[in-house]
Amino acid sequence: MFLSRNSYRIAVPSNWWQYPYPYDVVALAGAQGQLQRENLIDGKVEKGNTKCSKSLNKARRVDGYCNDLDNPAAGGINYRLGRNVPLKVTYQDYCNLYKPNPRDISRKLLQRTEFIPATSINILVAGWIQFMIHDWFDSGTNDRSRTMEVSLEDDDSEFNETMKIPATRSDDCTPLPGINKDICKRLPDDFSYCKDVKDYDTYQNTVTHWWDASQLYGVNKKIIKRIRTKRDGKLIMTDENRLPIEPSTGLPITGQNINWWVGLGVFHILWTREHNYICDMLKERNPKWKDNKLFDTARLIVSAVIAKIHTLEWTPAILQNKLVILGLVSNWYGVTLLEFAKNNQTLAAQLAIQFPQLANGIPGTVGKPKNIRGVPYSITQDFIAAYRLHPLMPDSLQIRNHQTDVVENDYDMMKAVFEKSETVFEENSMENLFYSMGNDHPGAMTLHNYPNFLRNIKLPASSPHGSGHVDLATIDILRDRERGVPRYNEFRRNLHLTPITSFEDLTTNATHVEELRMMYDDDVEQIDLLVGSLAESPLPEGFGFSDTFFRIFLVMARRRLEADRFFTDDYTAEFYTEWGLDYVENTYMKDILIRHYPSLDSQLQPNVTNVFIPWKSQTTLDVNFPYPDY
Ligand code: HEM
């Protein structure tokens with residue numbers, strides 16, 4: 001049934017979650033190891049000639065350069081996205097770009113007919129993850145000179161005859177300094193053996209790849225200049241402690257304001273306030289520090305505490321699985337073999353003998369030596385695909401008074417996005433917004449639950465994605481195909497997962513089986529990655545998204561920490577100050593909420609430990625938090 005001592009590196013079982021303890025532990029650790037060895041795939045960019053040194057680069061640069069001192073461009077803006085699957089399977093399959101028709105998929109498989117809630121989490125989960133992805137990646141302004149055209153059925157009254165979708169901007173290699181464009185565009189070395197490749201394309205990330213809070217601070221000097229007060233390191237806020245609004249767009253002035261809505265906005269406001277609080281604390285302790293030093297140090301501290309909250313709070317909320325949570329703790333602090341062995345000394349000794357790779361447990365990343373695993377750091381195209389979590393969005397928002405629980409306002413989401421969000425901020429207190437989104441559920445990641453407002457949305461003229469009327473579900477499907485992300489079964493094979501051989505292997509829902517079979521012409525190989533992931537059932541215990549998507553999280557969550565010198569080699573008091581390190585260690589999301597909105601104290605009653613789990617549902621105190629009761 002199980003791995004032999006020597007097969008640990010060779011045959012990792014795909015479904016760790018179906019194994020009894022302690023085999024699940026070994027299988028999960030083995031899966032992570034295999035992904036780390038085989039699935040960090042470089043987009044192959046030349047190094048460039050920016051000069052960096054540790055003494056000159058004591059802070060995060062606005063363009064993300066000089067984090068990796070040996071490879072200055074890595075992870076910086078416009079650095080090419082890598083992959084988690086071999087390059088030979090990442091070509092765009094032109095002939096099948098529209099097969100099956102993505103709008104058909106949107107209408108027949110994704111359309112929400114009735115809201116299906118994810119009851120173990122709250123709406124803050126949706127706002128937070130969008131806040132995170134705006135830090136990690138952005139494929140940039142679409143190229144309106146090249147369009148993809150999706151044909152429409154006659155009875156599709158929401159759109160005209162065809163739906164035109166601008167292509168993703170192509171990889172033009174700008175402006176990686178010192179790089180000859182011809183070199184940059186060349187095909188990767190191992191491309192020659194991709195026999196049946198029709199084309200190959202690469203894409204850039206137009207924001208920094210690092211976990212550096214660039215969504216708050218921006219990625220160029222122009223933005224950073226607009227958001228800073230230039231006094232004591234602080235960021236500009238209005239007298240009401242909100243963000244200033246850009247009159248021409250009606251959108252807030254912050255590092256990144258695309259696809260704005262109130263759930264995203266509350267985090268921008270909260271963290272801008274927290275940045276300013278950190279500046280005050282640093283100034284109190286270092287009265288002689290000037291504006292830049294205060295700003296740079298506050299940014300380091302903000303980035304680190306956000307990374308910690310994401311690792312130890314957001315992810316454990318959406319993946320409420322004790323073993324996975326222990327793994328997340330291991331990503332930050334490390335976990336000993338004895339902890340994996342549930343404090344059973346005999347079992348720990350046996351595991352150490354049988355699986356020597358686990359003998360020292362799993363070391364943490366933060367404050368430990370940097371490790372890029374031989375591959376220059378970048379976010380990957382597959383990572384973007386795995387974060388297409390739009391079904392989390394509700395179609396409406398009810399705002400209740402945080403003290404009386406009485407409904408004060410009810411918004412159709414269409415009336416609470418882009419520039420209209422500001423009206424919601426004006427009509428409701430931050431306390432009421434946090435309280436309402438802290439208790440209400442987002443949508444579940446499943447078929448037939450894609451928010452209708454996003455399936456029929458008018459993007460504003462300011463949108464880099466192209467103004468106009470679009471169906472985001474159609475776009476989600478088409479983008480993965482356009483960018484050469486393999487379809488579901490091929491994706492699984494390349495992540496060492498058992499491929500499915502029938503629709504019944506994918507889901508236990510008989511109606512879904514029939515719908516999928518019809519849509520994909522009885523061919524499981526055609527199933528799109530997003531559709532397969534939304535259909536997957538049953539899921540591992542506590543999972544808020546598919547086990548297939550989880551594989552990308554498994555490899556990339558640790559990667560974002562261990563490849564960054566500011567979380568590893570330079571996570572020291574010299575860079576952060578002693579106060580800064582203590583602050584990161586001891587601050588959780590709840591502390592920050594109560595600091596800025598003290599009247600939430602009674603709603604965040606003592607039992608609430610994880611702010612991303614519905615507050616009222618936390619009726620008993622989790623005394624072990626942030627460790628799982630494993
Ligand atoms: C009001 C809420 C939201 C709106 C209006 C919105 C809108 C959009 C639009 C217009 C795009 C670009 C489509 C294109 O490729 O042309 C996009 C991309 C994307 N969205 Fe959302 N979105 C929202 C919420 C979310 C949330 C909650 C998530 C969860 C993680 C999310 C994840 C993504 C991802 C991963 C992409 C791909 C980005 C890229 O290609 O670089 N979005 N969204």
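This is a predicted model: local features need pLDDT of at least 70, side-chain atom pairs count only at pLDDT 80 or more; totals for chains, interfaces and linings use all residues.
**Entry 1. The chain as a whole**

I then turned to the secondary structure of the chain, which comes to 23 helices and 10 strands. Along its principal axes, I find that the C-alpha trace spans about 70 × 65 × 60 Å. I also checked the radius of gyration: the chain has 24 Å, and this agrees with the value near 25 Å that a compact globule of 630 residues would have. Of the 630 residues, 48% count as buried.

**Entry 2. The shell around the ligand**

How many residues surround the ligand? I find 23, and the closest are Gln-130, Ser-139, Asn-259, Trp-261 and Leu-389. Two elements give two or more residues to this shell, namely α3 (124-136) and α15 (472-482). The most comes from α3, with 4 residues. I sorted the shell by class and recorded 14 nonpolar, 6 polar and 3 charged residues.

**Entry 3. The packing of α3 and α7**

I stayed with α3 and looked up its packing against another helix. Two packed helices are described by the angle between their axes and the distance between the axes. For α3 and helix α7 (residues 262-285), the angle is about 65 degrees and the axes are 8 Å apart. I record the crossing of α3 and α7 as right-handed.

Which residues meet in this contact? From α3 I list Ala-126, Gly-127, Trp-128, Gln-130 and Phe-131; from α7 I list Gly-263, Leu-264, Val-266 and Phe-267. By class, the residues of this contact divide into 6 nonpolar, 3 polar and no charged.

**Entry 4. Leu-433**

I next looked up Leu-433, which lies in helix α14 (residues 430-439). Is Leu-433 buried or exposed? Leu-433 counts as buried because it has 27 C-beta neighbours inside 10 Å, and the cut-off for a buried residue is 20 or more. Not counting residues up to four places away in sequence, Leu-433 touches Val-262, Val-266, Ile-399 and Asn-428. I then compared Leu-433 with Asp-523, which is 90 residues apart from it along the chain; their C-alpha atoms are separated by 46 Å.

Where is Thr-141 found? I place it in the loop between α3 and β1 (143-151). Thr-141 is partly exposed, with 14 other C-beta atoms within 10 Å. Leaving aside neighbours within four places in sequence, Thr-141 is in contact with Arg-169 and Pro-464. I checked the pair Thr-141 and Arg-169: they are 28 residues apart in sequence and 6.4 Å apart in space, C-alpha to C-alpha.

Met-237 lies in the loop between α6 and β3. It is partly exposed, with 17 other C-beta atoms within 10 Å. Beyond its neighbours within four places in sequence, I find Met-237 in contact with Arg-242, Leu-243, Thr-272 and Arg-273. The C-alpha atoms of Met-237 and Thr-254, 17 residues apart along the chain, are separated by 10.0 Å.

**Entry 5. Backbone exceptions**

Most residues other than glycine have a negative phi, and most peptide bonds are trans. I searched for exceptions.

Lys-230 has a positive phi of about 70 degrees although it is not a glycine. I find Lys-230 in the loop between α6 (221-227) and β3 (245-246). Lys-230 is exposed, with 11 other C-beta atoms within 10 Å. Thr-577, which is not a glycine either, has a positive phi of about 75 degrees. Its place is in the loop between α21 (573-576) and α22 (578-586). With 19 C-beta neighbours inside 10 Å, Thr-577 counts as partly exposed.

I also recorded cis peptide bonds. The bond from Tyr-21 to Pro-22 is cis, with omega near 5 degrees, and Pro-22 lies in the segment before α1 (23-38). The bond from Phe-625 to Pro-626 is cis as well, with omega near 10 degrees, and Pro-626 has its place in the segment after α23 (589-596).

Methods:
Residues are numbered from 1 along each chain as its sequence is written. A residue is near a molecule or strand if its C-beta atom, placed from the backbone, lies within 6 Å of it. Ala, Val, Leu, Ile, Met, Phe, Trp, Tyr, Cys and Pro count as nonpolar, Asp, Glu, Lys and Arg as charged, and the others, Gly among them, as polar. The radius of gyration is taken over C-alpha atoms; the globule rule is 2.2 Å times the number of residues to the power 0.38. A residue is buried if 20 or more other C-beta atoms lie within 10 Å of its own, exposed if 12 or fewer, and partly exposed in between; C-beta atoms are placed from the backbone. Axes are lines fitted to C-alpha atoms, for helices over the stretch in contact, and angles run from 0 to 180 degrees between N-to-C directions. A crossing is left-handed if the near helix is turned anticlockwise from the far one by less than a right angle, and right-handed if clockwise. Two residues are in contact if their C-beta atoms, placed from the backbone, lie within 7 Å.
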